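Dear colleague,

Please find below the sequence and structure that I am handing over to you. A summary of the findings follows them.

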Amino acid sequence: MTSRLPISPQVFAIFSALIAEKIGIHYDAGDRELLGDKLSVRALDAGFDSLLDYYYFLRYDPAGVAELDALIDALVVGETYFFRELAQLEVAVSELVAPRVAAGGRPRIWSAACSSGEEPFTIAMLLAERGLLDKVDLVASDISPRALSRARAGVFGPRSLRSNAPPPPFASRWLDVAPDRVVVRPELHAAIDWRRINLLDAPGVSSLGRFDVIVCRNVLIYFHDNTARWVVSNLAGALAAGGSLLVGVSESLLRLGTALSCEERGGVFFYRKTAQ
Ligand SMILES: C[S@@+](CC[C@H](N)C(=O)[O-])C[C@H]1O[C@@H](n2cnc3c(N)ncnc32)[C@H](O)[C@@H]1O
């Protein structure tokens, strides 16, 4: 039984273009073997013994839509964990969300590309600790059906707590931690509106409405600059006037160029929409 299908430079080129078009993830020529391995697993599982046949199926056969979802699950990098880059989320809640509630508003927060959900659950814990959980709308989305079904289940493995720092003191109020699993309390579940959204899909993004805070961390790094610019413009369009976008601590939008203005609070950088 073949376990690896050959991938010529030409087949790599059409697949990497298809993947960039559908989900944004960018593969360099040096990634040919890596991508070939991932594609082979899916192609063989779907009953194909040629990557070119598999490509035509994905690209042109109406039945290829479900297989594209399986391929998305195989390609995305779902690395995430509770309390990741926590200082950023604390500043977002204390400096951007809490004042809006205090002013009588009902802020809307979106954790875009949330993977299996540890990020929006962390935001929900921070909100709950301040008594704000029922005073905001919290939306969380990802493109990966598998990641979203894990998020919705709210049951995680011990590695979901793999942050370098020990969990914050409030963690025990919201997570039931056993040696083999971590279970999220139901109050947090009830507060999150889970959606499947492709960040490249402008109508899909705008269907969510406008947000006061968008957290989109550790995903732009997988995109080519032009794709990242497109995604940032979609996200900027989904910000309310005065709203803020947060990206990962190792990411910056300044290199890409953006109409959003970069600001800093408490050592945390974010990008604010100053005009409508
Ligand atoms: C490394 S995880 C980041 C998770 C979380 N934001 C964090 O920082 O811990 C990247 C996530 O981006 C998602 N993703 C990749 N391409 C996407 C796209 N075009 N639209 C929406 N989500 C996407 C992946 O499915 C994956 O779950």
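**Findings**

Tyr56 lies in helix α3, which covers residues 51-60. Please note that the model is a predicted one. Together with Leu52 and Tyr60, Tyr56 forms a nonpolar patch on the surface, and the three residues have about 340 Å² of accessible area together. The relative accessible area of Tyr56 is 43%; because buried means under 20% and exposed over 50%, this residue counts as partly exposed.

Strand β2, residues 137-142, presents a mostly covered element: 5 of its 6 residues are buried. Strand β1, residues 108-112, runs parallel to β2, and 5 bridges join the two. In this pairing, Ala112 stands opposite Ser141 of β2.

As to the protein chain as a whole, it contains 11 helices and 10 strands. Its radius of gyration is 20 Å, close to the 19 Å that the globule rule gives for 276 residues, so the chain is as compact as a globular protein of that length. The C-alpha trace spans about 60 × 45 × 35 Å along its principal axes.

Of the 276 residues, 50% count as buried. The chain exposes about 12600 Å², of which carbon and sulfur atoms supply 55%. Among contacts between residues at least 6 apart in sequence, 76% join residues at least 24 apart.

With kind regards

Note on methods: Residues are numbered from 1 along each chain as its sequence is written. This is a predicted model: local features need pLDDT of at least 70, side-chain atom pairs count only at pLDDT 80 or more; totals for chains, interfaces and linings use all residues. Side-chain values use heavy atoms; hydrogens and water are left out. Patches are made of residues with over 30% relative accessible area and no salt bridge: like charges are joined within 9 Å, nonpolar side chains (Val, Leu, Ile, Met, Phe, Trp, Tyr) within 5 Å. Accessible areas come from the Shrake-Rupley method with a 1.4 Å probe; for residues, only the protein chains shown count as cover. A salt bridge is a side-chain nitrogen of Lys or Arg within 4 Å of a carboxyl oxygen of Asp or Glu. Helices (H or I, at least four residues) and strands (E, at least two) are DSSP runs, numbered from the N terminus. Buried means under 20% relative accessible area, exposed over 50%, partly exposed in between (1.4 Å probe, protein chains only). The radius of gyration is taken over C-alpha atoms; the globule rule is 2.2 Å times the number of residues to the power 0.38. Contact means heavy atoms within 4.5 Å. Two strands pair if DSSP finds at least two bridges between them.
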